[in-house]
Amino acid sequence: MAYKAKIVPVKVCGAKGSCGTQAMINGITWAVDHGAKVISMSIGPVEGQTIYDDLGKYARNNGALLMIATGNDNQDYTDSSWVSGSDNIIFVGSSGKTDVKSGFSAYGQMLDLTAPGESILTTKKGSNSTGTFSGTSAATPVVSGLVAQLMSVASFSPAQVERIMFQTAKDLGTVGWDKLYGWGRIDPAAALMAANVNKNDKTVPTISNVALAVVSPSSFTVTWDTNELTDSVVQYGLTTSYDRIVGSATMTTHHVVTISDAYSNSVYHVRVIPADAAGNIAYGSDRTITTPIAPVYPVISAVKAVVASGYQAKIT
């Protein structure tokens, strides 16, 4: 992808592939401290690990982006501690030649993007030949290469690079973000075109007329306006850590997003975070909405109809 990028290999795993927590912390920190701007890790899911949040933040605070493969067990990691820090990391899944999710690709709330990860031509270990390889570990370097190319266009921030990729990805699955494809399969040509056209735009969009409205005990809508064309992205959750995200990459000035997986009788924190075509992100203020108690309907059981006499029947 980025054939002029400088490769800095940093070893954090043992000879048999085991990766220690402290080794990963040391490796990523060393890479960032020595000027790395794109960090690609094909480590797969590790239950109970919560270090990625701090690592992702450290990278972003120093102008770098951390990409991590979702893994190859086809599991839904929506509620796993593995996804801690998903706001600061780009999680990558795999798709095939027909833009269908790879059968092995892990998925969930943390997933951001998919990239080609089936039968990817690469070098073969222990030989001077090439071969093919499949896995989210093959897809993640493709996204990393696009990040490197976008960073070479202009002095984009990590957040800008991320949103340009989200906006220009080919939407797959459910319209907008979904847990099987994230924002979709990356489209390098569209991303680079958007970056070049908008590289001098540094103005953050303006948000107005934010409104929240209950639809049902498990859903509510978020509406708002922007002064320029932006995508429609909402963060929400039961705390201000906003552990959920939903939205659409369609550019508009009037935004309507429906949250459909809420718990009843709960207070939700909501924040809109639209971005324009240059990736400039506007962060709305925290707002709250309370979902109503779900109604409890009576249950009818053991209905019987008994003929009493003539045309009359007794129902019990």
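Strands β5 (residues 120-123) and β6 (residues 130-133) run antiparallel and are joined by four bridges. The two strands form a hairpin with six residues between them. These details come from a predicted model, in which the protein chain has 316 residues and a secondary structure of five helices and 13 strands.

**The β5-β6 hairpin**

- G126 lies in the turn between β5 and β6 and has a positive phi of about 75 degrees.

**The four-stranded sheet**

- Strands of a sheet pair through backbone hydrogen bonds, in either a parallel or an antiparallel manner.
- Four strands make up an open sheet in the order β1-β2-β3-β4, and their pairing is parallel.
- Strand β2 (residues 65-69) runs parallel to strand β3 (residues 90-95), and three bridges join them.
- The bridge partner of I68 in β3 is F91.
- Helix α1 packs on the sheet, where it touches β1 and β2, and its direction makes about 155 degrees with that of β1.

**Residue T114 in strand β4**

- T114 is part of strand β4.
- The relative accessibility of T114 is 1%, and T114 therefore counts as buried, the cut-off being under 20%.
- Leaving aside residues up to four places away in sequence, T114 touches G93, S94, S95, L172, L180, Y181, G184, R185 and I186.
- Between T114 and F91 there is a separation of 23 residues in sequence and of 8.5 Å in space, C-alpha to C-alpha.

**Helix α4**

- Helix α4 (residues 158-168) is mostly covered, with eleven of its eleven residues buried.
- Among the buried residues of α4 are P158, V161, I164, M165 and F166, together with E162 and R163.

**The largest pocket**

- Rolling a probe the size of a water molecule over the atoms shows where empty space is left.
- The volume of the largest pocket is about 1200 Å³.
- Its lining consists of 35 residues, and those nearest the centre of the pocket are I7, V8, V38, I39 and S40.
- Elements that each supply at least two residues of this lining are α1 (21-33), β1 (38-41) and α3 (136-153).
- Helix α3 provides the largest share of the lining, six residues.
- By class, the lining of the largest pocket contains 22 nonpolar, ten polar and three charged residues.

**The chain as a whole**

- Along its principal axes, the C-alpha trace of the protein chain spans about 95 × 50 × 35 Å.
- Of the residues of the protein chain, 45% count as buried.
- Among contacts in the protein chain between residues at least 6 apart in sequence, 64% join residues at least 24 apart.

Terms used
Residues numbered from 1 in each chain as written. Predicted model: local features only at pLDDT ≥ 70, side-chain atom pairs only at ≥ 80, totals over all residues. Heavy atoms only, no water. 1 Å grid on protein atoms, 1.4 Å probe; cavity = no way out; pocket = protein on both sides within 12 Å on 5 of 7 lines; lining within 4 Å. Points joined across faces, edges and corners; volume = space filled by probe spheres on them. Nonpolar A, V, L, I, M, F, W, Y, C, P; charged D, E, K, R; others polar. Pairing = 2+ DSSP bridges. Contact = heavy atoms within 4.5 Å. Axes fitted to C-alpha atoms, helices over the stretch in contact; angles between N-to-C directions. Buried < 20%, exposed > 50% of the residue type's maximum accessible area, 1.4 Å probe, protein only.
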